[in-house]
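Hello,

Here is the structure you will be taking over. Please look through it first; my notes on what was found in it follow below.

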Amino acid sequence: MSTLPRKQAALLAALSLAVLSIAACSSDEKPAASAGRGGATELTVFAPQNANQDLQASDFTKLLSEKFKIDFKFQTTSFDAGPAAEKRQISLASGDYPDLYLLISWVDQFNRAELLKLSKQGVILPLNDLIAKYAPNIQKALETNPAYKALATAPDGKIYGLPQWNDCFHCSYQGKLWINSAWLKELGLSMPKTTEEMRAVLRAFKTKDPNGNGKADEIPLSSSTVDMVLPYFMNSFIYDPESSEATVPTLALNSGKVQFQPMQEKWREGLRYVASLYKEGLIDPGAFTQNRDALKAKGDNADEVIVGAATMLHPAILVTLGQKDGRDEDYNAVSPLTGPDGVAYTSYRPASTPGATFVLTNKAAEQDQIAAIKMLDYIFSDEGHLQGEFGKEGVNWKKPEKGDVALDKNLKPLFKVIPAAPDAPPSNTAWGALAQYNSTRAFREAQVQPTDIYEPEGYERRLFEATKLYEGKEPKEQIFPYWNLWLGTDVAGETATLQTNLQNYVTQSNLEFVTGKKNIDSDQDWTAYLEGLNGLGLQRYLQIQQQAYDAQ
């Protein structure tokens with residue numbers, strides 16, 4: 001997944017607020033009925049397209065075109081989050097926006113402030129009536145999944161856009177650590193269960209030559225700016241809801257009161273522990289500055305295996321799968337570590353991100369709106385979902401055969417993905433992530449998977465089984481449900497600015513405490529840090545969040 005750097009996110013948040021009023025200038029335009037080729041509805045669609053895709057020529061596009069009489073006109077962006085978000089904002093600001101925005105949540109999507117303001121200006125359209133009349137599959141999803149309905153429905157009862165629902169079990173627990181079990185075996189060590197056992201393992205990785213080349217070239221622990229070091233370890237001291245996809249910075253609940261975790265004394269203890277690892281040279285200095293490509297270059301080091309462990313969502317982030325030396329099979333997940341006070345939490349995120357990826361604008365004539373919602377309703381069906389995400393039956397996926405086992409062994413198998421040949425050219429049959437609107441756990445976990453987790457096609461089962469080590473370790477009473485909150489347009493801009501400033505400050509301060517630029521043991525440095533938080537408007541930020549939480 002791609003994520004947006006926080007400073008860039010702040011600039012885009014400001015831009016989005018600025019263009020909302022500009023977009024309203026064109027909201028009085030009445031759309032004329034659009035006609036495409038052969039009487040088909042012409043639908044302009046703004047959508048992200050990856051480097052190996054051609055949405056206009058995709059087989060799934062052709063299927064939808066024939067099935068719903070739609071003449072698609074795509075306006076595409078890349079999967080690069082920053083440029084994609086900027087291009088969408090520019091399209092709104094210019095007034096030359098499409099009939100439909102069809103987005104991917106982890107690339108870019110409309111946030112709730114945009115939905116409320118643009119709907120008030122008449123730029124985007126409510127979907128309630130269209131769903132009720134033309135979309136039985138969507139209606140069923142809303143009725144059978146209360147969490148999805150709550151996510152999609154504004155405080156006034158209107159649905160101004162639909163979010164994707166992608167209930168990826170392993171994605172919901174992002175703060176994982178994967179360790180080189182071959183190194184553990186070589187050194188006669190057990191899988192660490194506590195923070196101090198982890199320290200002992202990392203020391204052994206550094207000093208006892210586990211790769212056996214006679215050189216001190218081992219990196220005990222690494223990571224990247226996407227898959228951060230801190231959340232996994234912090235959860236051994238205090239609940240840290242932060243993860244690579246977190247929206248609200250480290251907020252938690254304490255008996256119904258919103259609490260900012262980075263100002264708690266237990267947070268300081270967590271920083272003290274990680275700082276001690278760093279001081280001993282047990283953490284790769286690049287872990288706090290390198291991107292995923294740089295991390296993978298270390299994991300794929302040609303001469304020797306040099307990385308002992310990494311905090312990351314899954315091991316393919318560190319090492320290319322299917323290597324001849326089998327190194328990719330050596331990394332296994334470590335359960336949440338128990339800290340000095342007996343705490344062993346894990347980060348958690350929900351199945352969907354607040355906002356909307358399917359948004360109809362006032363440029364769409366009535367027949368365009370109907371065609372678009374019928375198209376989405378088809379994607380909500382199993383048939384449409386399979387063809388939309390994976391491609392053609394018999395080419396990209398097939399029906400289960402006798403003896404096949406679903407990812408969740410308790411479920412009846414539904415489909416089996418057909419792996420592409422190693423030398424096959426990129427397929428242009430499906431929309432991929434663009435079609436993940438109804439990826440329930442039941443759907444995702446009904447896919448056929450080998451029972452051997454180290455088979456190339458069994459990677460999803462490997463992640464599924466690993467995630468069971470983390471499932472349920474999140475302290476449910478402390479989880480701040482930011483995804484259920486709709487901030488009013490009167491405070492949305494203020495909140496976005498406060499949140500960005502606070503998160504940037506916390507991120508920078510964490511790094512300074514861990515690397516020793518600031519002394520975590522100095523009361524003077526810690527007090528100055530807390531004063532800095534208050535100087536950035538922390539109390540106002542907490543007040544806004546508390547009011548929103550109480551009003552839900």
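**Notes on the model**

Helix H9, residues 195–207, lies across strands E4 and E8 and runs at about 45° to E4. Please keep in mind that this is a predicted model.

The two strands under discussion belong to an open sheet of three strands, ordered E7-E4-E8, with antiparallel pairing. E7 (309–311) and E8 (331–334) are at the edges and have a single partner strand each, so one side of each lacks a neighbour in the sheet. From one strand to the next, the twist averages 25°.

E4 covers residues 177–180 and is joined to E8 by four bridges, the two strands running antiparallel. Leu 177 has Val 334 in E8 as its bridge partner.

The other element to look at is helix H4, residues 112–120. Seven of its nine residues are buried, so the helix is largely enclosed by the rest of the structure. Buried here means under 20% relative accessible area. The buried residues are Arg 112, Ala 113, Glu 114, Leu 115, Leu 116, Leu 118 and Ser 119.

Both ends of H4 have a detail to check. At its start, the backbone nitrogen of Ala 113 has a side-chain oxygen of Asn 111 within 3.1 Å. Just after the helix, Gly 122 has a positive phi of about 85°.

Regards

Methods: Residues are numbered from 1 along each chain as its sequence is written. This is a predicted model: local features need pLDDT of at least 70, side-chain atom pairs count only at pLDDT 80 or more; totals for chains, interfaces and linings use all residues. Side-chain values use heavy atoms; hydrogens and water are left out. Buried means under 20% relative accessible area, exposed over 50%, partly exposed in between (1.4 Å probe, protein chains only). A polar contact is a pair of N or O atoms within 3.5 Å; within protein, one must be able to donate a hydrogen and the other to accept it, and residues adjacent in sequence count only if both atoms are side-chain atoms. Two strands pair if DSSP finds at least two bridges between them. Axes are lines fitted to C-alpha atoms, for helices over the stretch in contact, and angles run from 0 to 180 degrees between N-to-C directions. Contact means heavy atoms within 4.5 Å.
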